[in-house]
Amino acid sequence: MRNDYTIYIIVCFLSILFSLINRVYPIGGKEYLLNNVMYFSTWGTLFFIEIRKVLIVKGNKKEQSVDYFPIIITILMMIVCLVDMLR
């Protein structure tokens, strides 16, 4: 699990970095594609981390409760991000 969060932190850092570069050197104005893709990939990475956690919990033989709320929230945020990109 530690590698997943390391990847998530790197993706978030790249998203912030591209946002700062876009602010200093605006390439495409509001519809800067790379900035939108990096923002979407942060939510996508978080989505895959949560899916993996659910699969690991379900793979164990012990009875543990599975929390689907983070998965639903990340799916909703990915939809909002896509709508904002296509607008």
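Reply: Met78 touches Phe40, Trp43, Gly44 and Phe47, when residues up to four places away in sequence are not counted; contact here means heavy atoms within 4.5 Å. The model is a predicted one, in which local features need pLDDT of at least 70 and side-chain atom pairs count only at pLDDT 80 or more, while totals for chains, interfaces and linings use all residues. Residues are numbered from 1 along each chain as its sequence is written, and side-chain values use heavy atoms, with hydrogens and water left out.

Buried means under 20% relative accessible area, exposed means over 50%, and partly exposed lies in between, with a 1.4 Å probe and protein chains only. Helices (H or I, at least four residues) and strands (E, at least two) are DSSP runs, numbered from the N terminus. In soluble globular proteins, nonpolar side chains tend to be buried together.

Trp43 itself lies in helix H2. With neighbours within four places in sequence set aside, the contacts of Trp43 are Thr74, Met77 and Met78. Trp43 and Asn60 are 17 residues apart in sequence, and their C-alpha atoms are 26 Å apart in space.

Helix H2, which spans residues 33–59, also contains Thr42. Thr42 counts as buried because its relative accessibility is 6%. Its contacts beyond four places in sequence are Tyr8, Val11, Cys12 and Ser15. The C-alpha atoms of Thr42 and Ile10 are separated by 9.3 Å, although the two are 32 residues apart along the chain.

The structure holds one salt bridge, in which the side chains of Lys53 and Glu50 meet at 3.4 Å, N to O. The term requires a side-chain nitrogen of Lys or Arg within 4 Å of a carboxyl oxygen of Asp or Glu. Lys53 and Glu50 are three residues apart in helix H2, so about one helical turn separates them. Glu50 is buried because its relative accessible area is 11%, whereas Lys53, at 30% relative accessibility, counts as partly exposed.

Val57, also in helix H2, has a relative accessible area of 23% and is therefore partly exposed. It touches Gln64, Ser65 and Val66, not counting residues up to four places away in sequence. The C-alpha atoms of Val57 and Asp67, ten residues apart along the chain, are separated by 9.8 Å.

Helix H3 (residues 69–86) includes Ile73, which counts as partly exposed because its relative accessibility is 33%. Ile73 belongs to a nonpolar surface patch with Tyr68, Phe69, Ile72, Ile75, Leu76, Ile79 and Val83, and together these residues have about 740 Å² of accessible area. Patches are made of residues with over 30% relative accessible area and no salt bridge, like charges being joined within 9 Å and nonpolar side chains (Val, Leu, Ile, Met, Phe, Trp, Tyr) within 5 Å. Accessible areas come from the Shrake-Rupley method with a 1.4 Å probe, and for residues only the protein chains shown count as cover.

The whole chain provides the setting. Its secondary structure comes to three helices and zero strands, in the pattern α-α-α. The C-alpha atoms fill a box of roughly 55 × 25 × 10 Å along the principal axes. The radius of gyration is 16 Å, whereas a compact globule of 87 residues would have one near 12 Å; the value is taken over C-alpha atoms, and the globule rule is 2.2 Å times the number of residues to the power 0.38. Buried residues make up 24% of the 87 residues. Of the contacts with a separation of 6 or more, 62% are between residues 24 or more positions apart. The accessible surface comes to about 6,800 Å², and carbon and sulfur atoms account for 69% of it.
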